[in-house]
Amino acid sequence: PLYSSAASDVYKRQALGSVWFGLYHPVSFGGMEAGTIRILWMAVLAVYVLLASALPVWMILQPRDFVNAFTLYGGMALLLTACIVGGMRGMATDAAMGWSVASGTAKLGWIFPVLFITIACGAISGFHSLVSSGTSSKQANKEGDARRIGFGGMLTEGLLAVLVLVAIGAGLTMTGYLDVQWPAVGAGNPVLSFALGAGLLANKALGLPVYLGTIFGLLMVEGFLVTTLDTAVRLNRYLFEELWHFIWPAGV
């Protein structure tokens, strides 16, 4: 079968066990240069993506997505709670929106119509359609779940976008945001902008240590990046298989 629920449950437990193991036995690269560590992680991710794109979806991709979902939903619940509590305490954003748009336009180009392409990326690029047909459909119990999964996913994605904006706007000061996102020297770091914003927002509203909220923010982004990476490579495999079928028909 395309989907094996029993086997997937076993791999889910193994994935959760690997998280528990990593907490008590973390990987350390002490003494290595940053460039070497970056190359090493790129090699590890390349091997992982190769396996995740070729093996059945319930062996690697689906169990890891299952674990990442808890990180994502937990992080969203934390940010939503921090937003509500912070709002009740009178917290406000320190972002001059007009200046941000003008600065971003000067550095990245016109916000229109790129903004709408960004929001409707799935409709324009067809990525969501490919994900639904090649990956999501293999994990649904029945066809009737498709609307709830697809529409619910878009609502959740919209809520996440709002939480990210609030975390950056309320967690970071305008000066702090510019130092990270638009430094005078070097490239900006949007991932760090969100992670720091989440950590500072959770600290101001809930009293959590800044480092704890920042690490949680990084884990949320990591889950998105790795999920997109292995899914995109898997979809490319489908497309290349179809292309090769037309280039080299059966029997030729």
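Tutor: Start with terms: on a 1 Å grid over the protein atoms alone, a pocket is an open set of points with protein on both sides within 12 Å along at least five of seven lines, while in a cavity a 1.4 Å probe fits but cannot get out. The model is predicted, so local features need pLDDT of at least 70 and side-chain atom pairs pLDDT 80 or more, whereas totals for chains, interfaces and linings use all residues. Residues count from 1 along each chain as its sequence is written, and side-chain values use heavy atoms, without hydrogens or water.

Take the second largest pocket. It holds about 1,500 Å³ of space (the volume filled by probe spheres set on the points, which are joined across faces, edges and corners). Its lining has 29 residues (an atom within 4 Å of a point). Val19, Trp41, Leu219, Glu222 and Val226 are the closest to its centre. Two or more lining residues come from each of helix 1 (5–24), helix 2 (34–54), helix 3 (61–88) and helix 11 (210–247) (DSSP runs of H or I, at least four residues, numbered from the N terminus). Helix 11 is the main contributor, with nine residues. The lining splits into 22 nonpolar, five polar and two charged residues (Ala, Val, Leu, Ile, Met, Phe, Trp, Tyr, Cys and Pro are nonpolar; Asp, Glu, Lys and Arg charged; the others, Gly among them, polar).

The whole structure has one cavity of 30 Å³ or more. The largest cavity holds about 40 Å³. Gly75, Leu78, Leu79, Ala198, Ala202, Gly213, Phe216, Gly217 and Met220 line the largest cavity. Helix 3, helix 10 (190–206) and helix 11 each supply two or more of its lining residues. Helix 11 again gives the most, here four residues. Six lining residues are nonpolar, three are polar and none is charged.

Next, the packing of helix 3 on helix 10. Their axes lie 9 Å apart, at an angle of about 50° (lines fitted to C-alpha atoms over the stretch in contact, with angles from 0 to 180 degrees between N-to-C directions). The crossing is left-handed (near helix turned anticlockwise from the far one by less than a right angle). Helix 3 brings Leu78, Leu79, Thr81, Ala82, Cys83, Val85 and Gly86 to the contact, and helix 10 brings Phe194, Ala198, Leu201, Ala202, Ala205 and Leu206 (heavy atoms within 4.5 Å). That contact has 11 nonpolar and two polar residues, with no charged one. Leu78 and Leu79 of helix 3 take part in this contact and also line the largest cavity.

Helix 3 has another partner, helix 8 (residues 145–171): the two axes come within 10 Å and cross at roughly 50°. This makes helix 3 oblique to helix 8. Their crossing is left-handed. Leu72, Tyr73, Met76, Leu79, Leu80 and Cys83 of helix 3 meet Thr156, Leu159, Leu160, Leu163, Val166 and Ala167 of helix 8. By class, 11 are nonpolar, one is polar and none is charged.

Finally, helix 11 with helix 7 (residues 127–134). Their axes come within 10 Å and cross at roughly 80°. That makes helix 7 roughly perpendicular to helix 11. Phe127, Leu130, Val131 and Gly134 of helix 7 touch Thr228, Thr231, Ala232, Leu235, Tyr238 and Leu239 of helix 11. Seven of these contact residues are nonpolar, three are polar and none is charged.

Key
Parallel < 35°, antiparallel > 145°, perpendicular 65-115°, else oblique.
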